[in-house]
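Open your viewer and get the selection tool ready.

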Amino acid sequence: MAEQRPDEPQKPAALRSDAQRNRERILEVALAEMTRDPEVPLSAIARAAGVGQGTFYRNFPSRDALVLEVFRHEMTQVAESAGQLLRTMAPDEALRAWMDRLAEHALAKAGLMEALRRAMSATGAQKPSPADLMAAVSTLLTAGQEAGTIRTGVTAEDFFYLIAGLFSIPADEQWKERSTRLLDLVMDSLRTGAPS
């Protein structure tokens, strides 16, 4: 069995429910705080999350471990939200709502990019795989195509090429307006030629 490196976060599978809640809370607070200021002190994150230093460092022994796990966690949350949206919305509406969630991830990623680069360099970690995001958008596109609200033949890869501009929108006061406009244009193109 492979030994866990000291800079890797504790695996969440074996955590008790209260420990899991603490871990989730730390990740939520860290995402918000590090998006605003990638150099925020870890003690400030622990304080804002309402956990002690011991709990914090048991879960995330270093800044690099925290940054990597925040990024992985956020990608997982975005991917998992696709199924949740499909259970409560029409497929094309779920896709558009998911696109907004992806845009929020892009904004967070922009704020964390330098910290993520440093963490990967320091730990030798690979950039987290986008496979879950690809699978999520594939599920959303297929549901829309089967419902007749999304044009046929569009793949997950096509989708990510269409929205590539999202990741280059400056994170300023016009970011929300620009990203909404871009995603509305992408959504219009996905609906064009759909059977219904």
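Start with Phe-56, Tyr-57 and Phe-60: ring pairs link these residues into a cluster. Rings of Phe, Tyr and Trp (its six-membered ring) pair if their centres lie within 6.5 Å; planes under 30 degrees apart count as stacked, over 60 as edge-to-face and the rest as tilted.

A word on what you are looking at: this is a predicted model, where local features need pLDDT of at least 70, side-chain atom pairs count only at pLDDT 80 or more, and totals for chains, interfaces and linings use all residues. Residues are numbered from 1 along each chain as its sequence is written, and side-chain values use heavy atoms, with hydrogens and water left out.

How many aromatic pairs does the structure hold? There are four. Select Trp-98 and Phe-159 next: their ring centres are 6.2 Å apart and the planes meet at 50 degrees, so this pair is tilted. It links distant parts of the chain, with Trp-98 in helix α5 (residues 91–123) and Phe-159 in helix α7 (residues 156–162), 61 residues apart. Helices here are DSSP runs (H or I, at least four residues), numbered from the N terminus.

Is Trp-98 buried or exposed? Its relative accessibility is 0%, so Trp-98 counts as buried; buried means under 20% relative accessible area, exposed over 50% and partly exposed in between (1.4 Å probe, protein chains only). Phe-159 also has 0% relative accessibility and counts as buried.

The ring centres of Phe-159 and Phe-160 are 5.2 Å apart with planes at 85 degrees, so the pair is edge-to-face. Phe-160 is buried, as is Phe-159.

Terms used: Helices (H or I, at least four residues) and strands (E, at least two) are DSSP runs, numbered from the N terminus.
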